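Visitor: I would like to learn how to read a model like this one, feature by feature. Could you take me through it?

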Amino acid sequence: MSSSFERYQKRRLISSYFSVVISISLVLFLLGLLGLLVLNTKKVADHFKEQIALTIYLKDTAKEVEINQLQKSLALAEYTKSTNFVSKEEAAKAHSEEIGEDFMDFLGYNPLQNSIDVYFNADYVSEVQIAEISRDLTEKNFIDEVVYDKPLIALLNDNVKRISFWILVVSGIFTFIAVLLINSSIRLSVYSKRFTIKTMQMVGATKGFIRRPFIWKSIKLGMIGAILALCGMAGVLYYINKSFPELNLLSNQVLLASLFGAVFLLGIIISWLSTFFATQRFLNLQTDELYY
């Protein structure tokens, strides 16, 4: 009978530990993903900003030496990410493929112009800076027109600011919820041992002596949960980096290592604090209060 009861208690204990580890790992995993999102918000925003092009249309009278000098000056400019020269023939071919027929057969000539597409570094993608660059370029007499999508730039910058703000708000809320969930799981685990805690206290054990094994056990469970969460984060990070290599998520390894270390420490710290306060609560209760 005693052996059967011991096996039952052991199964309950293992089940309790398992639920605590799963709770910690899931919460830390989601918190870690949110951390990855926060750290890479600017990088993702910069990626989209650098897809916006400013197109310089050149006059037919523009000399080859002038075009080459313009391309070199643009390539050396600190605001330039890359440039792409599109000849009028290439533009006509692309336009014909897009509409599904050769429009020059009807017109008898090519009305398109040679052009240069300029892609900016993300820090220079703003309405004021691009407008200033556009004004400087239009002063050159061999440039016919400079075109860029001004409403799109304004919309993109506004959305980036709005999304960044809400990500920070959600991060704060989710961190608070994560602490509550882990704390609740550990409190339930300690609650099942409340009579053991009170018995040890009644036979003269100090509060520190009683708390020590509970805290150490919770720290180990927190470490296991954190390791599982980190494995999940690493898998997600690998998949995203493989699917979207242009984001270059693994470039800042120091920052990623700091995030992984923070998640690991968070699992330990929350487990330690939750266990400390949970055991302290039951140590301060009277014996008859343990039944409520």
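Predicted model: local features only at pLDDT ≥ 70, side-chain atom pairs only at ≥ 80, totals over all residues.

Guide: Gladly! Tyrosine 79 counts as buried, because its relative accessibility is 17% and the cut-off for buried is under 20%.

Visitor: Which rings join Tyr79 in a cluster?

Guide: Ring pairs tie Tyr79 to Phe120 and Tyr124 in one cluster. The structure holds 5 aromatic pairs. In one of them, the ring centres of tyrosine 79 and tyrosine 124 are 6.4 Å apart and the planes meet at 65 degrees, so this pair is edge-to-face. The angle decides the label here, because planes over 60 degrees apart count as edge-to-face.

Visitor: Where in the chain do tyrosine 79 and tyrosine 124 sit?

Guide: They lie 45 residues apart, and their pair links distant parts of the chain. Tyrosine 79 is in the loop between helix H2 (64-76) and S2, whereas tyrosine 124 is in the loop between strand S3 (115-120) and helix H5 (127-138).

Visitor: Is threonine 80 buried or exposed?

Guide: Threonine 80 is buried, because its relative accessibility is 11%. This residue belongs to strand S2 (residues 80-86). A polar atom of its side chain lies 2.6 Å from the backbone oxygen of leucine 74. Beyond neighbours within four places in sequence, threonine 80 is in contact with Leu74, Val118, Tyr119 and Asn121.

Visitor: How do I read the chain as a whole?

Guide: Begin with the inventory: the protein chain has 9 helices and 4 strands. Along the sequence they follow the pattern α-β-α-β-α-α-β-α-β-α-α-α-α. Of its 292 residues, 36% count as buried. Then look at sequence separation: among contacts between residues at least 6 apart, 82% join residues at least 24 apart.

Visitor: Which residues of helix H7 are buried?

Guide: In H7 (residues 194-202), Arg194, Ile197 and Lys198 are buried. They are on the same side of H7, because they cover an arc of only 95 degrees around the axis. After H7 comes glycine 204, with a positive phi near 105 degrees.

Visitor: What does glutamine 280 contact, apart from neighbours within four places in sequence?

Guide: Glutamine 280 is in contact with Lys207 and Arg211. Glutamine 280 lies in helix H9 (residues 253-283).

Visitor: Which residues does the UniProt annotation "transmembrane region" cover?

Guide: The unreviewed UniProt entry gives residues 12-39, 163-184, 221-241 and 253-273. Residues 163-184 are 100% helix and 0% strand, with end C-alpha atoms 31 Å apart. Residues 221-241 are likewise 100% helix and 0% strand, and their end C-alpha atoms lie 30 Å apart.

How values were computed: Residues numbered from 1 in each chain as written. Heavy atoms only, no water. Helix = DSSP H or I, 4+ residues; strand = E, 2+ residues; numbered from the N terminus. Buried < 20%, exposed > 50% of the residue type's maximum accessible area, 1.4 Å probe, protein only. Polar contact = N/O pair within 3.5 Å; in protein donor to acceptor, adjacent residues only side chain to side chain. Contact = heavy atoms within 4.5 Å. Arc of directions from axis to C-beta. Phe/Tyr/Trp six-rings, centres within 6.5 Å; stacked < 30°, edge-to-face > 60°. UniProt positions renumbered as here; feature names shortened; annotations may be inferred.
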